[in-house]
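Reader: I would like to learn how to read a model of this kind. Please take one feature at a time, with the general idea before the case.

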Amino acid sequence: MNSMMIFYLLYFLCLCLSVACVICLCVWNSLWRGGFAWDGSQLEFNWHPVLMVTGLVVLYGNGAVLYRIPLTWGYDKLPWKLLHAALMLLSLILSVVGLCAVFNYHNAKNIPNLYSLHSWIGIAAAALFAIQWVAGFAGFLLPWTPLSMRKLLKPVHVWLGGSILILSIAASISGINEKLFFALKGQTNETQPYSSLPPEALVGNSLGVLIVVFGLIVLRILSTSEWQRPDSSPEDRTQHPGDTAAVAKGPVPPTREEAGDRWS
Ligand code: HEM
């Protein structure tokens, strides 16, 4: 199987897993957790997993692999940059609303905030994501940002992007596990215990597995150099000292951006 076919197979899997995660989240919270509301009750909490996973995992992961889709390579990069930024902004907004849901719920019920390992990892992921979005917007979308700054920012943006996805997945899995332990206590709250693997636990565990597989596929796509958008903007085209292949090919012609069109 050639490399492009493998890409599209992985990308198709990525899309199927995205849909499967959102369906699992909605089914879990509607069928077993009573549905949704915005009133400080348990039903407000239910927005938290749905919005966090949809925002910080599903939309985020899909936004991250956008530049890797070969069908987009023949076109100007700017619309894809804008779509990448817009998807990431939507993902950030969903995550902020998802965090508001859990903080409101905790405050309404006098539950302490930020005490668990899950909440520490989760708040770190969300904070880094907010910083990454602002830095990415300023660095890559504002036309007056110097090229030297973009070249410095690019590898940090790529590394931090992957790290945020890993943190979001860790937060999602720990959150699902914590919720199943809280909710499925056996006799004390008239549910079957987690240890007897009732249908709710099966759906929650499966959701965790789907999230992990989704994350592994996104990270695989991001780490494969063959699937990087070729020769796009100048910040992508840094030649390393000792890069003999690049030296053999001779000097790289200026891109439209280097030639003055900063918005390419
Ligand atoms: C990227 C995904 C997630 C992030 C960034 C995240 C973040 C957070 C944060 C910051 C809190 C603390 C709120 C407070 O202290 O008032 C929290 C609480 C909580 N989250 Fe998540 N969460 C995520 C996904 C999930 C998922 C999928 C579940 C599954 C149901 C979940 C379940 C919980 C629970 C039960 C709490 C309350 C107990 C605690 O503070 O640990 N979370 N989450």
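Reader: Which residues does the UniProt annotation "transmembrane region" cover?

Author: UniProt positions are given in the numbering used here, feature names are shortened, and annotations may be inferred rather than shown by experiment. According to the unreviewed entry, the annotation covers residues 7-30, 50-70, 82-105, 117-144, 156-176 and 202-222. This is a predicted model: local features need pLDDT of at least 70, side-chain atom pairs count only at pLDDT 80 or more, and totals for chains, interfaces and linings use all residues. Residues are numbered from 1 along each chain as its sequence is written.

Reader: How many helices and strands are there in the protein chain?

Author: Helices (H or I, at least four residues) and strands (E, at least two) are DSSP runs, numbered from the N terminus. The protein chain has 8 helices and 0 strands, and its pattern along the sequence reads α-α-α-α-α-α-α-α. Two of the annotated spans can be checked against this. Residues 7-30 are 100% helix and 0% strand, with their end C-alpha atoms 35 Å apart. For residues 202-222 the end C-alpha atoms are 30 Å apart, and the span is again 100% helix and 0% strand.

Reader: At what angle do the axes of H1 and H7 cross?

Author: Axes are lines fitted to C-alpha atoms, for helices over the stretch in contact, and angles run from 0 to 180 degrees between N-to-C directions. The axes of H1 (residues 3-32) and H7 cross at roughly 155° and come within 9 Å. H1 and H7 are therefore roughly antiparallel to each other (angles over 145 degrees count as such). The contact of H1 with H7 has 20 nonpolar, 3 polar and 2 charged residues. In this scheme Ala, Val, Leu, Ile, Met, Phe, Trp, Tyr, Cys and Pro count as nonpolar, Asp, Glu, Lys and Arg as charged, and the others, Gly among them, as polar.

Reader: Which residues are closest to the ligand?

Author: A residue is near a molecule if its C-beta atom, placed from the backbone, lies within 6 Å of it. Here 27 residues surround the ligand, and the closest are Ser116, Ser119, Gly122, Gly175 and Lys179. Helices H3 (47-64), H4 (77-108), H5 (117-141) and H6 (147-183) each supply at least two residues of the shell. H6 gives the most, with 8 residues. By class, the shell divides into 15 nonpolar, 10 polar and 2 charged residues.

Reader: Is leucine 59 buried or exposed?

Author: A residue is buried if 20 or more other C-beta atoms lie within 10 Å of its own, exposed if 12 or fewer, and partly exposed in between; C-beta atoms are placed from the backbone. Leucine 59, in helix H3, counts as buried because it has 22 C-beta neighbours inside 10 Å. Its C-alpha atom is separated by 5.7 Å from that of serine 91, 32 residues apart along the chain. Leucine 90 lies in helix H4 and counts as partly exposed, with 15 C-beta neighbours inside 10 Å. Leucine 90 and leucine 59 are 7.9 Å apart, C-alpha to C-alpha. Of the 264 residues of the protein chain, 26% count as buried.

Reader: What is the phi of asparagine 110?

Author: Phi of asparagine 110 is near 55°, a positive value in a residue other than glycine. Asparagine 110 sits in the loop between H4 and H5 and is exposed, with 6 other C-beta atoms within 10 Å. Leucine 197 also has a positive phi, near 50°, and its place is in the loop between H6 and H7 (199-223).

Technical notes: Angles under 35 degrees count as roughly parallel, over 145 as roughly antiparallel, 65 to 115 as roughly perpendicular and the rest as oblique.
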